[in-house]
Amino acid sequence: MQIGKKGIYVMESLVISYIVTGIFLCVLAFVMYQMKSGTKIAGIGVTVTYILASMIAGWIAGRKIGKRKFLWGLAAGLLYFLILSLVSMAIYSGGTMVSAEKLTVLLLCAAGGTLGGMLG
């Protein structure tokens, strides 16, 4: 398989995972509004959304590419985090580049992508 096709498959998986992220976050916002819940539940919901979305990206990339699925899942999870961080830094320019929370999200996205790739 050509390197260009693999890149297209990874990008395709990322686009789908960001669509899923948008849907999950809208559902989370609606549920929180209906339940009038606090920020702790929002944080948990966002974290679960990141994990599931990176798993979906890894699953799609691993399934389409077929060989070394876990590595392509890892790549998809890391790219998911990278794009998420770049958008976050563009919107909130005053934040720190490295923090314990961002490191945790990086590890969760990488693990989710790897797991998704292995399941793919």
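How much space lies in the largest pocket? About 420 Å³, in a predicted model where local features need pLDDT of at least 70, side-chain atom pairs count only at pLDDT 80 or more, and totals for chains, interfaces and linings use all residues. Residues are numbered from 1 along each chain as its sequence is written, and side-chain values use heavy atoms, without hydrogens and water.

Start by selecting Tyr50, Leu84, Ser88, Glu101 and Val105, the closest to the pocket centre among its 17 lining residues. On a 1 Å grid over the protein atoms alone, a pocket is an open set of points where a 1.4 Å probe fits, with protein on both sides within 12 Å along at least five of seven lines; lining residues have an atom within 4 Å of a point. Its volume is the space filled by probe spheres set on the points, which are joined across faces, edges and corners.

Next, show helices H2 (39–65), H3 (69–91) and H4 (100–119), which each give two or more residues to this lining; helices are DSSP runs (H or I, at least four residues) numbered from the N terminus. H3 gives the largest share, six residues.

Now select H1 (residues 3–35) with H2: their axes, 8 Å apart, pack at about 155°. H1 is therefore roughly antiparallel to H2 (over 145 degrees, between N-to-C directions of lines fitted to C-alpha atoms over the stretch in contact, on a scale from 0 to 180).

Finally, pick Tyr18 and Tyr80, an aromatic pair with centres 4.6 Å apart and planes at 20°, hence stacked (ring centres within 6.5 Å, planes under 30 degrees apart). Tyr18 lies in H1 and Tyr80 in H3, 62 residues apart.

Technical notes: Parallel < 35°, antiparallel > 145°, perpendicular 65-115°, else oblique. Phe/Tyr/Trp six-rings, centres within 6.5 Å; stacked < 30°, edge-to-face > 60°.
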